[in-house]
Amino acid sequence: MSTLKNLLKKKIEEFRPRITRLLKEYGKVKVDEVTIEQVINGARDVKCLVTDISYLDPMEGIRFRGKTIPETFAALPKVPGCDQPFVEGFWWMMLTGEVPTMEQTLEVVEDFRKRRQVPQYVFDVLRALPRDCHPMAMFSAAIVAMQRESQFAAKYREGMKKTEYWDPMYEDACNLLAKLPAIGAYIYRMKFKCDTPICSDPKLDFGGDFAHMMGIGKPYDDVARMYFILHSDHESGNVSAHTIHLVASALSDAFYAVSAGMNGLAGPLHGLANEEVLRWTQNFMAKLGGQEPTEEVIRKALWDTLNSGQVVPGFGHAVLRKTDPRYMAQREFCLKHLPDYPLFKVISMIFKVAPQVLAEQGKAKNPWPNVDAQSGVIQWYYGVTEYSFYTVLFGIGRAIGTLANLVWDRGLGYALERPKSVTTAMLEEAAGIKQ
Ligand code: CMX
């Protein structure tokens with residue numbers, strides 16, 4: 001058993017009694033109450049999920065295993081000669097809550113290398129799809145196509161104890177995660193680069209190999225590492241993470257669950273917003289016909305969007321009530337690497353104007369930018385201008401946190417998810433409305 005798997009086994013076994021005790025001795029203690037507004041409006045803020053892998057404070061933003069974004073990047077072992085940490089080390093940290101040493105990180109790098117070969121039939125599935133399919137539909141199809149590889153499904157058929165579920169889930173999680181960079185890059189090169197896929201380089205780490213297979217030189221490897229870590233997890237209530245947790249709660253394996261979660265990430269109110277931001281910005285720039293945008297022009301474009309009943313992509317959040325620190329991390333990257341890039345300047349101007357406009361409109365509870373407002377600029381700068389691909393990048397990252405959650409879900413024996421519905425008449429009765 002690998003060092004990581006051994007440590008994880010120990011951690012899961014140590015943790016289990018905490019859940020057993022809570023259920024047995026304190027199962028009826030109230031955590032929250034639910035209002036009619038929450039029932040109708042998408043269970044906003046209802047505390048009915050548990051995860052120890054990340055926590056989202058509305059004012060502070062995300063913490064991965066208790067660490068803020070800067071703390072996470074500072075703590076993890078860096079790829080030699082690069083600014084950013086190994087994604088593989090981050091995977092260790094998300095699974096165990098501990099920062100790995102360089103030696104431990106390199107063990108995961110080696111382990112992932114052995115798992116990264118994508119079966120040929122996955123590429124055949126991708127090639128059989130019409131080329132104008134959205135990259136996210138392709139990504140989701142490729143993931144679910146691999147379901148036949150699931151060790152969890154095979155072991156479940158053979159019969160296994162509940163306390164053993166985490167083990168094949170861990171194997172599936174590693175096998176799936178290690179293959180995602182090659183699948184994402186294949187989709188990109190097949191769809192957008194005249195069908196010229198690039199083979200994986202066994203010497204490279206997760207992020208480095210992704211950049212290599214995308215066909216983009218340094219420092220895109222660091223961009224990829226940063227991007228995957230930043231998008232990895234946002235506790236478990238967001239659409240993609242929650243879908244993955246929900247689907248797997250029926251003991252569907254990781255391939256079914258992650259594919260389903262990617263379909264949720266592909267929605268414009270969620271991960272697709274990174275594509276929408278670039279589309280919105282490019283459309284708006286095209287209308288200017290080469291003229292320098294001003295704050296006034298941007299203000300008008302924002303109002304036009306709002307007045308036509310559309311949302312301003314990249315702004316607002318269901319939980320956050322301040323600028324997303326994932327936005328700030330990417331903005332800092334831009335300030336360091338591309339401060340004078342015209343598109344970055346436009347995005348910065350939108351950052352200045354949009355919160356005022358949204359606040360004036362008075363609908364959005366959070367007028368500040370989220371992770372998706374900044375990410376496309378960096379991709380565009382490094383040559384990935386095909387913005388319909390951006391959500392696939394988000395998806396590769398999101399798999400890290402959600403797969404770590406799935407391993408723990410099975411380790412702690414979390415139950416089938418099944419909230420209760422009520423009828424509208426029942427809500428009216430609860431409200432005291434007489435028909
Ligand atoms: N532009 C215009 N209106 C917005 C808005 C925005 N950026 N953000 C919120 N609003 C509106 C909502 O549509 C809602 O209007 P109605 O009352 O007419 O339905 C109202 O303000 C209240 O919404 P809220 O409680 O502030 O926000 P929600 O929790 O309902 O939704 C989110 C959150 C992210 C879907 C929303 O802010 C939005 O649509 N943003 C733009 C899309 C986006 O950037 N999504 C990416 C989020 C991050 C991610 O998951 O990747």
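**Close-up 1. The buried residues of helix H18.** In H18, the buried residues are Asp372, Ala373, Gln374, Ser375, Gly376, Val377, Ile378 and Gln379. Here, buried means under 20% relative accessible area, exposed means over 50%, and partly exposed is in between (1.4 Å probe, protein chains only). Helices (H or I, at least four residues) and strands (E, at least two) are DSSP runs, numbered from the N terminus. This is a predicted model, in which local features need pLDDT of at least 70, side-chain atom pairs count only at pLDDT 80 or more, and totals for chains, interfaces and linings use all residues. Residues are numbered from 1 along each chain as its sequence is written, and side-chain values use heavy atoms, with hydrogens and water left out. Helix H18 spans residues 372-381 and is mostly covered, with 8 of its 10 residues buried. What do the buried residues of H18 pack against? They pack against helix H11 (220-230), helix H14 (273-288), helix H16 (325-337), helix H17 (342-361) and helix H19 (390-411); contact means heavy atoms within 4.5 Å. Just after H18, look for Gly383, which takes a positive phi of about 100°.

Close-up 2. H11 is mostly covered: 11 of its 11 residues are buried. Among them are Tyr220, Asp221, Arg225, Met226, Tyr227 and Leu230.

Close-up 3. Of the 22 residues around the ligand, the nearest are His270, Gly314, Phe315, Lys365 and Asp372; a residue is near a molecule or strand if one of its heavy atoms lies within 4 Å of it. A ligand oxygen atom is 2.5 Å from an N or O atom in the side chain of Asp372. For the side chain of His270, the distance from an N or O atom to an oxygen atom of the ligand is 2.6 Å. Lys365 takes part through its backbone, where a polar atom is 2.7 Å from an oxygen atom of the ligand. On its own the ligand has 890 Å² of accessible area, and the protein covers 76% of that. Accessible areas come from the Shrake-Rupley method with a 1.4 Å probe; for residues, only the protein chains shown count as cover. The shell divides into 12 nonpolar, 6 polar and 4 charged residues. Ala, Val, Leu, Ile, Met, Phe, Trp, Tyr, Cys and Pro count as nonpolar, Asp, Glu, Lys and Arg as charged, and the others, Gly among them, as polar.

Close-up 4. A disulfide is a covalent bond between the sulfur atoms of two cysteines. Cys194 is exposed, with a relative accessible area of 71%, whereas Cys334 is buried at 0%.

**Close-up 5. Asp209 in helix H10.** Asp209 sits in helix H10 (residues 206-214). Is Asp209 buried or exposed? Asp209 is buried, with a relative accessible area of 2%. Leaving out residues up to four places away in sequence, Asp209 touches Arg116, Ser200, Asp201 and Leu204.

**Close-up 6. Asp52 in a loop.** Asp52 lies in the loop between helix H2 (36-40) and strand E1 (54-57). This residue is partly exposed, with a relative accessible area of 38%. Asp52 touches Phe15 and Arg65, not counting residues up to four places away in sequence.

How values were computed: Polar contact = N/O pair within 3.5 Å; in protein donor to acceptor, adjacent residues only side chain to side chain.
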